[in-house]
Amino acid sequence: MERAAVENLDFFRRIIYGIDDLGEAVIRNILSRLPAKSFASAACVSRLWNTICNSILSSPKLSSAVSFNPSLEKALNEVVEKVLMEPIRPHFVLASIGPCFILQAALRRIEGIFGSKIPIIINVAEGVIGRDVRTDKFVEVQWVLSAAKKKYSWPTDTQPTATCGMILTVGFLPGLKVHLVPLFQSEGPQSLSVDKFVMDIREVASAFSHSSSPAGIMLFADRKTNILPVLQKTEYAFPKDTFIVGDGGSELIFRISETTTVPPDSTFAAVALLFTRDINKPLGIGEIQFHVMLSTGVTAVGPVYKILSVEDHGTSTCFTATRDTIPEPFEGEAILHDILDEVGEDIMFAAKATYIGVTKSRSCSVGTERAKLMQFHEFHKFEPVGDEALPPVRSVGINSGDPFRFYISDKDPALSTTYNILYMLMDLKEDFNNRIKKHEKAEVFGGIVFCCGGRGGNYLGSPDYASFPFVDNFPGVTFAGTHTSAEIARGCFGYLYGESDQENNFDIHCNLHPYGALYLVMSYHCPIPER
């Protein structure tokens, strides 16, 4: 047996040496065509092959695929086969599944494929945006909840028989370190451990880079979590060049590190996927840059009100209000009647969703750091239904004295800002083309979108409005995303929503957006060779 093993080893060595005689360029061409698993094995064959494999993977890569197979196992096999069709070393894995699949089962299967050391986040999406593994066509599909059957299905004008699906996105980002940091929640009035969350992020960033601030944070919140106070803290804690994007609320699960200590009687409220600049970045690796763009989807209507009194109901808030021209306070349904008289019932009732946008002045700090007074504009879903004495809004954190306006979902800003993103991406492409003429290689290698579920289907007149700004500019480049309930993106309120009539609007932060579409575009800038 031992003699046969030695003879086989000698045989394979002779094959390797024979291939090596073909020359490095031919070997590189062969290895670059291997699927990811075979490529990983090839990197272990010899020092030369390992060097060539490292050279092939010196540039970043994003790979994604969508499957609508009703079997979780078969759907996962289809998307994995697609995303691992070419060489890639996964640094992170994102998966979004339809509500007919089970999160725990999806995590077990994905972890079994990619291992226990790679950050994995899985959530239940309202829909998926990506390339179908079977048709190789780009699709945007939103699941619609059927009240009668209590299950999701495709809209009836597309494909009524499909009820399941998933999208898998795998990223390889050389020059960056990728880590998961969980946010814990316990019982009690101060249930969210936000200070610890921020300090954990700083600690991870400091361990792998020259800064305590990461290059970026992709944040996923549980659907039961009020993410607004978290976004206030992160706005205070990290500089503007740290991008913060993500999904404002969905069912989710993720793989935690074995070294993570879960506090007693605590649950997970959110998770951050950190991207930090690697202090030990190998020579010959360029720079990855992130470009964040937001399409808004709401319009302010009616006058400015001011909160007079509030009633905190745990997960919602009821309030009374006043306005400058009318000294008497509005109580109960009087607020709703007033805005209907000001704007018109036809406009208000035609909107798919109504919000109040509250401007809040809040004192922010982390730990024992000096507090800083900051202003935020935060949207709360307005739901004047039920037997409440006062009109309720989702979430809490509204105080007496806070000014607010009503906002309604509106196709016009959604369309105009979507085209703005199209033009911004055109400018980005032109800039990169000009750099190539100057022998400065730069390229967009991927994009991710978080799009409000309400903008799905034919809401904007076409079923592909979330994807066309990117796909039209960068055809063939990986682009993937999901439909969400709310979109996280740092921004200036006055600039994003066009309310620049007051100078201080440009000092107001707005980080959670209703009816929006958030684009995270990733580009790679090759190192300039030394002359």
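Cysteine 164 is buried, at 7% relative accessibility, where buried denotes under 20% relative accessible area, exposed over 50%, and partly exposed the range in between (1.4 Å probe, protein chains only). The model is predicted, so that local features need pLDDT of at least 70 and side-chain atom pairs count only at pLDDT 80 or more, while totals for chains, interfaces and linings use all residues. Residues are numbered from 1 along each chain as its sequence is written, and side-chain values use heavy atoms, with hydrogens and water left out.

One disulfide is present in the structure, a disulfide being a pair of cysteine sulfur atoms within 2.5 Å. The bond joins cysteine 100 to cysteine 164, with 2.0 Å between their sulfur atoms. Because cysteine 100 is located in the loop between β2 (92–97) and α6 (103–114), and cysteine 164 in the loop between β7 (151–153) and β8 (166–172), the pair ties together parts that are 64 residues apart in sequence. Helices (H or I, at least four residues) and strands (E, at least two) are DSSP runs, numbered from the N terminus. Cysteine 100 is partly exposed, its relative accessible area being 38%.

Cysteine 452, by contrast, takes part in no disulfide; the nearest cysteine sulfur, in cysteine 451, is 6.6 Å away. Cysteine 452 is buried, with a relative accessible area of 5%. For cysteine 510, the closest cysteine sulfur is that of cysteine 492, at 9.2 Å, which is too far for a bond. Cysteine 510 also counts as buried, at 0% relative accessibility.

Elsewhere, tyrosine 423 lies in helix α11 (residues 411–437) and is partly exposed, with 45% relative accessibility.
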